[in-house]
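The sequence and structure are shown first.

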Amino acid sequence: MGRRKRKHRSAGSICNMAGTGLIIIMIALCSLLVLPGIFGYQMYNVITGSMEPSIPVGSLIYVNVMGPEEIREKDVIAFYSSVEEGSIITHRVVMNNVVSGTFNTKGDANDGDDPVPVEYANFIGKVELTIPYMGKVLTVMSSLYGKIAGVCIILAGALLSIMGTRQDDREE
């Protein structure tokens, strides 16, 4: 009978640990979405290969909103392609023309500099952090289906933890 108790107890412990693990994973993923905004960062998912290999497609980038005068050569910045279009581009600064209020930029994977300088009015901020491939995960998580899946995973984690605790309590 002592052996059977251990099996049940370990099954309860495994359920409890799995449930707790699912909840911790979801809290960590949600933190990647929420915490940077509190500290003034904006997040974007990289959808083109113009900055490869340094920033792969699908990367999550954290952009620090700051004044354009603070940007230096070789910094990676995020900017709107045009105010009307609203597409966000991430390229490296070749030169910051403070007098004219523009940046000359280039994608790392592109052969030459971008043909049109970026006006300060289109500047969003400096890329401070990139997490390869995480952009895809967080894009899915921010969708309606991702949010529903996240809630289901948290509920499954809570259910597993409760089941594991009850299993352990029954054996004591």
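How many bridges join strand E2 to strand E7? Strand E2 (residues 60-64) and strand E7 (residues 123-131) run antiparallel and are joined by 5 bridges. Within this pair, Asn64 stands opposite Lys126 in E7.

The model is predicted, so local features need pLDDT of at least 70 and side-chain atom pairs pLDDT 80 or more, whereas totals for chains, interfaces and linings use all residues. Residues are numbered from 1 along each chain as its sequence is written, and side-chain values use heavy atoms, with hydrogens and water left out.

**Sheet.** The 7 strands form an open sheet in the order E1-E2-E7-E3-E4-E5-E6, with antiparallel pairing. Strand E1 (41-45) and strand E6 (118-119) each have a single partner strand and stand at the edges, so one side of each lacks a neighbour in the sheet. Strands (E, at least two residues) and helices (H or I, at least four) are DSSP runs numbered from the N terminus; two strands pair if DSSP finds at least two bridges between them.

**Pockets.** A pocket is an open set of points on a 1 Å grid over the protein atoms alone, where a 1.4 Å probe fits, with protein on both sides within 12 Å along at least five of seven lines; lining residues have an atom within 4 Å of a point. Volume is the space filled by probe spheres set on the points.

| Pocket | Volume | Lining by class |
|---|---|---|
| Largest | About 270 Å³ | 7 nonpolar, 6 polar, no charged residues |

The largest pocket is lined by 13 residues, and Asn45, Ile47, Thr48, Ile88 and Ile89 lie nearest its centre. E1 and strand E4 (88-97) are the elements that give two or more residues to this lining, and E4 provides the largest share, 4 residues. The second largest pocket is also lined by 13 residues, with Phe79, Ser81, Val116, Pro117 and Val118 closest to its centre. Strand E3 (76-80), E4 and E6 each supply at least two residues of that lining.

**Buried residues.** Asn96 lies in strand E4 and counts as buried at 17% relative accessibility, buried meaning under 20% relative accessible area with a 1.4 Å probe and protein chains only. In helix H2 (residues 134-142), Met134, Gly135, Leu138 and Met141 are buried. These residues cover an arc of only 125 degrees around the axis, which puts them on the same side of H2; the arc is that of the directions from the helix axis to the C-beta atoms.

Key
Ala, Val, Leu, Ile, Met, Phe, Trp, Tyr, Cys and Pro count as nonpolar, Asp, Glu, Lys and Arg as charged, and the others, Gly among them, as polar. Buried means under 20% relative accessible area, exposed over 50%, partly exposed in between (1.4 Å probe, protein chains only).
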